[in-house]
Amino acid sequence: MTSLKGKVAIVTGGAQGIGRAIATGLAENGARIVIADLRGAEEAAAAYEDGVGLTIDVADEGATERMVSETVARCGGLDVLVNNAGLYASLEMRAFTEIPLEEWRRVMDVNVASMFLTCRAAVPAMRERESGAIVNISSGTPFRGVPFLLHYVTSKGAIVAFTRALAKELGTDGIRVNCVAPGFTLSEGVKQHPEIITALRDASVAARTIQRDQVPADVAGAVSYLASDAASFVTGQTIVIDGGQTFH
Ligand SMILES: NC(=O)c1ccc[n+]([C@@H]2O[C@H](COP(=O)([O-])OP(=O)(O)OC[C@H]3O[C@@H](n4cnc5c(N)ncnc54)[C@H](O)[C@@H]3O)[C@@H](O)[C@H]2O)c1
């Protein structure tokens, strides 16, 4: 039973793409949705009953604190945090020697430090309820060692380690921390970059045992499960969702 009735869930980067599909899945299971995004948060949130939209940059410490304090003030508490916002399709695929240091640092900031900040802000509110579920969005790329996106792949590998270590720290608080690792997904962000579709789409489909395109909705069910009491004894885990391309 994946009921999330009465639960409050923040989805970062939830205005479009995989995050939007995750928010819809959580809402279908009864959660009240808070969309936290750089842009389009309020418009996206308006699609959900009592949805809340917050315009924030997840790499900004003060903004992540505001994200949680506004959620608690407007929704009465916080039960679920989905760390989905990240930089991916806008990144140029290139040899690691060509990656500017500034870009490397921005990827680490938005994809990894953001989770440290959002979790640090959210955990006190979850501790107050003596329960909570955090779901982090990684990627299949660290398990396959995908080339030409070294900063991205490194950041997504870090999220798996982050998930395991934080799960160990928070178990006694009743807070579970898990991770979902999607394969190449036709999200809005990806669709805005035809060059990445040319580079990865056909090869990804061919490498899967379920040979079709992956869409954002493919990721939603696992996140709802991990957020719910159905997963009450599951923590520190990573579920790869890529049609059987990667075994981990
Ligand atoms: N699309 C894929 O193939 C794929 C595969 C594996 C993992 N992922 C991961 O899934 C997540 C979502 O990817 P997507 O393809 O749906 O992306 P997308 O570009 O379609 O959507 C990303 C959303 O995150 C928001 N965002 C970006 N930076 C932000 C920031 N600093 N603060 C707040 N919001 C921010 C954007 O505004 C956007 O709404 C990312 O973490 C990505 O790495 C994507």
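Is Glu130 buried or exposed at 64% relative accessibility? The first legend takes up this residue, and every view shows a predicted model.

**View A. Glu130 in the loop between α4 and β5.** At 64% relative accessibility Glu130 counts as exposed, because the cut-off for that class is over 50%. Phi of Glu130 is near 55°, a positive value in a residue that is not glycine. Most residues other than glycine have a negative phi.

**View B. Asp50 in the loop between α2 and β3.** Asp50, too, is a residue other than glycine with a positive phi, of about 55°. The elements on either side of its loop are α2 (41-45) and β3 (52-55). With a relative accessibility of 52%, Asp50 is classed as exposed, since exposed means over 50%.

**View C. Packing of helix α1 against helix α9.** Helix α1 spans residues 17-28 and helix α9 residues 217-227; their axes lie 8 Å apart and the packing angle is about 50°. Two packed helices are described by these two quantities, the angle between their axes and the distance between the axes. On the α1 side the contact is made by Ile18, Ala21, Ile22, Gly25 and Leu26, and on the α9 side by Ala217, Val219, Ala220, Val223, Ser224 and Ala227. Of these contact residues, 9 are nonpolar and 2 are polar, with no charged residue.

**View D. The largest nonpolar core.** This core has 32 residues, and Met67, Leu81 and Ile134 have the most contacts inside it. Elements that each supply at least two of its residues are the strands β1 (8-12), β2 (32-37), β3 and β6 (175-182), together with the helices α3 (61-75), α4 and α6 (150-170). The largest share, 7 residues, comes from α4.

**View E. Surroundings of Met67.** Which residues are in contact with Met67, leaving aside its neighbours within four places in sequence? They are Ile10, Thr12, Ala36, Leu54, Ile56, Leu81 and Thr118. Leu81, like Met67, is one of the residues with the most contacts inside the largest core. Apart from that core lies another, of 27 residues, including Val11, Ala44, Val80 and Val180.

Methods: Residues numbered from 1 in each chain as written. Predicted model: local features only at pLDDT ≥ 70, side-chain atom pairs only at ≥ 80, totals over all residues. Heavy atoms only, no water. Axes fitted to C-alpha atoms, helices over the stretch in contact; angles between N-to-C directions. Helix = DSSP H or I, 4+ residues; strand = E, 2+ residues; numbered from the N terminus. Contact = heavy atoms within 4.5 Å. Nonpolar A, V, L, I, M, F, W, Y, C, P; charged D, E, K, R; others polar. Buried < 20%, exposed > 50% of the residue type's maximum accessible area, 1.4 Å probe, protein only. Core = buried A, V, L, I, M, F, W, Y, C linked by side-chain atoms within 4.5 Å.
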